[in-house]
Amino acid sequence: MYKKALLAVTVLLLLFFSVNLVFSAGDFFKGLAMINDVHTMVRDHYVDPDDIRDQDMAYQAVKGMLEGLDPHTAFFTPEESRDMLTDIEGSFGGLGIRIDKKGDFVVVVSPIEGTPAYRMGMQAGDKIVEVDGESAVGLSLEKVISMLRGDIGTKVRVGVQREGVPELLTFEIVRAKIELPSLSGAFMIDDTTAYIRFIHFQENSLEEMTKALADLKAKGMKNLILDIRYNPGGILEIAYGIADLFIPQGNVIVSTRGRDGVLLEEYRSTDSTPYADIGLALLVDRGSASASEILAGAVKDLKRGLIIGEKTYGKGSVQRIYSLRDGSALKMTIAHYYTPAGICVDGTGIEPDILVETPPFPVQLADLLRGGAIEEFTAERTDVTPETGDDALLSSFRSYLEKKGYEFKEHFLGNGINADLITENVPDWKGKIFTAIAGELTRQIRYRLLYRDRGEEAARIYLTRDDRVIKRAREVLEKKDGR
């Protein structure tokens, strides 16, 4: 009898320990029980029962569960999920910026060319700290996105911190429907050198790129400057497909590795490589991210061309979207991607072969862009055209600002003691500032006039003429050709 009792106790103990081993993640299940307990207490005792919405509480619980993971893993309610899919498909209402989470801050990865945020001078690296007067510090990426979005035609005030600028910069931007093309220019710079401005990796990008390259080859292209500055990335497979146009057969272009470094996918170049022999210069900057870095990493590691510009952003993770039963979705980081040399760029970026830094705009010019003065001038003054001379253009713009009551002292100098000393003791201080920023100011005005009167490609051709990074790329390609 004693032995039977002992055997029964032993079996019970084994079952007990087995259960604990099976659920040793056991803390998680205890956590679920705790969540249920809290929900019960709230349901039974919370002072305003009409505020209790079980579905919303469940969504918030899931979001909270993911907050400790990387910033790219996130949960989306059904409404947020629909917005996200609209974004991926290439058309949405917003400001025209790609953003990411770094520490406590949501930062601008890249403004999208031709959009309201781009035209008003938002820059890669800007930290979004306020939206319509509410702090955005410490908020999730998805929360800040929801604050920035709204009805087309409405305004939003965005406060940003910019490196090297002590004061908060405020942008008042009108939301617009944002169309995301893949290319914003494809043309010949000279008899043998082509230029393509590539701004987004999306579903139709490979088709657009293939067509553009074929057209340029027919025009005599022997060298290509492929500009992926401010390109925030997109679909990994599209990046592979575009790299495959330039990389000789049999080379690894990119690989992905998941948990414990397990190889998930390896993408190799195929035998269909129509542009393996053309000279290639790839232009990058700190707004080149994700899929842009896949392309840049392959070109650099395989010595297929030269990377010129600034260090890239450093996003080397791969996300997958899982649809859930009620229309909500989970976006989860499942892997990191690696360049052909086995380098993961996540958090580090890609160093260019040739460093060419783009200097920041003078604060006075940045203020004119941010306040929308240049945009409004080119929209309203139809008497000013792309053919207007530089002196007349600047004179017209200055007169426009004065008639609008532009506060030159406040915007150009600030309100400190130095501003008072300058205004009291420096003759024609406004004119001196205009002279100092004349070159880039004229360039920004004329670009917008060309965009207004002749379209995007004409404006893009104009910008390439004085671009120091493009100039360096042309020098390198000409030297390769022995010119």
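A residue counts as buried when its relative accessible area is under 20%. By that test, 45% of the 483 residues of the chain are buried. The model is predicted. Its secondary structure comes to 17 helices and 19 strands. The C-alpha atoms fill a box of roughly 110 × 65 × 35 Å along the principal axes. Of the contacts between residues at least 6 apart in sequence, 67% join residues at least 24 apart.

**The open sheet**

- Six strands form an open sheet in the order β10-β11-β12-β15-β16-β19, and the pairing is mixed.
- β10 and β19 (354-355) stand at the edges; each has a single partner strand, so one side of each lacks a neighbour in the sheet.
- β10 and β11 run antiparallel and pair over 5 bridges.
- A hairpin of 4 residues joins β10 to β11.
- Across this pair, A186 stands opposite I196 in β11.
- β12 (residues 223-227) pairs with β15 in the parallel sense, also over 5 bridges.
- Here L224 stands opposite L280 in β15.
- In a regular strand, side chains alternate between the two faces of the sheet.

- The structure holds 1 cavity of 30 Å³ or more.
- The volume of the largest cavity is about 30 Å³.
- Rolling a probe the size of a water molecule over the atoms shows where empty space is left.
- The lining of the largest cavity consists of S110, P111, I112, E113, R197, I199, Y230 and P232.
- By class, that lining has 5 nonpolar, 1 polar and 2 charged residues.
- I199, one of the lining residues, sits in the loop between β11 and α7 (205-218).
- I199 is buried because its relative accessibility is 5%, below the 20% cut-off.
- Beyond four places in sequence, I199 contacts E113, P181, S182, S184, Y230, N231 and P232.
- Among these contacts of I199 are E113, Y230 and P232, which also belong to the cavity lining.
- I199 and R370 are 171 residues apart in sequence, and their C-alpha atoms are 22 Å apart in space.

- R229 lies in the loop between β12 and α8 (236-243).
- R229 has a relative accessible area of 11%, so R229 counts as buried.
- Leaving aside neighbours within four places, R229 is in contact with R197, L283, V284, D285, S288, D467, V469 and I470.
- One of these partners of R229 is R197, a residue of the cavity lining.
- T273 occupies the loop between β14 (263-268) and β15 (279-284).
- T273 is also buried, with a relative accessible area of 17%.
- A polar atom of the T273 side chain lies 3.0 Å from the backbone oxygen of T270.
- With neighbours within four places set aside, T273 is in contact with D244, L245, F246, I247, P248 and Q249.

**Helix α7: L206**

- L206 lies in helix α7.
- L206 is partly exposed because its relative accessible area is 29%.
- L206 touches I238, G241, I242 and L245, not counting residues up to four places away in sequence.
- L206 and G241 are 35 residues apart along the chain, with their C-alpha atoms separated by 6.6 Å.
- L245 is a partner of L206 and also of T273.

**Helix α6**

- In α6 (residues 141-148), the buried residues are L141, E142, V144, M147 and L148.
- Their cover includes the strands β1 (74-76), β3 (97-102), β4 (105-111), β5 (127-131), β6 (134-135) and β7 (155-162).
- At the start of α6, a side-chain oxygen of S140 comes to within 3.1 Å of the backbone nitrogen of K143.

**Helix α16**

- In α16 (residues 456-465), A459, R460, Y462, L463 and T464 are buried.
- The cover over these residues includes the helices α5 (116-119), α15 (429-454) and α17 (468-481).

Note on methods: Residues are numbered from 1 along each chain as its sequence is written. This is a predicted model: local features need pLDDT of at least 70, side-chain atom pairs count only at pLDDT 80 or more; totals for chains, interfaces and linings use all residues. Side-chain values use heavy atoms; hydrogens and water are left out. Helices (H or I, at least four residues) and strands (E, at least two) are DSSP runs, numbered from the N terminus. Buried means under 20% relative accessible area, exposed over 50%, partly exposed in between (1.4 Å probe, protein chains only). A polar contact is a pair of N or O atoms within 3.5 Å; within protein, one must be able to donate a hydrogen and the other to accept it, and residues adjacent in sequence count only if both atoms are side-chain atoms. Contact means heavy atoms within 4.5 Å. On a 1 Å grid over the protein atoms alone, a cavity is a set of points where a 1.4 Å probe fits but cannot get out, and a pocket is an open set with protein on both sides within 12 Å along at least five of seven lines; lining residues have an atom within 4 Å of a point. Grid points are joined across faces, edges and corners, and a volume is the space filled by probe spheres set on the points. Ala, Val, Leu, Ile, Met, Phe, Trp, Tyr, Cys and Pro count as nonpolar, Asp, Glu, Lys and Arg as charged, and the others, Gly among them, as polar. Two strands pair if DSSP finds at least two bridges between them.
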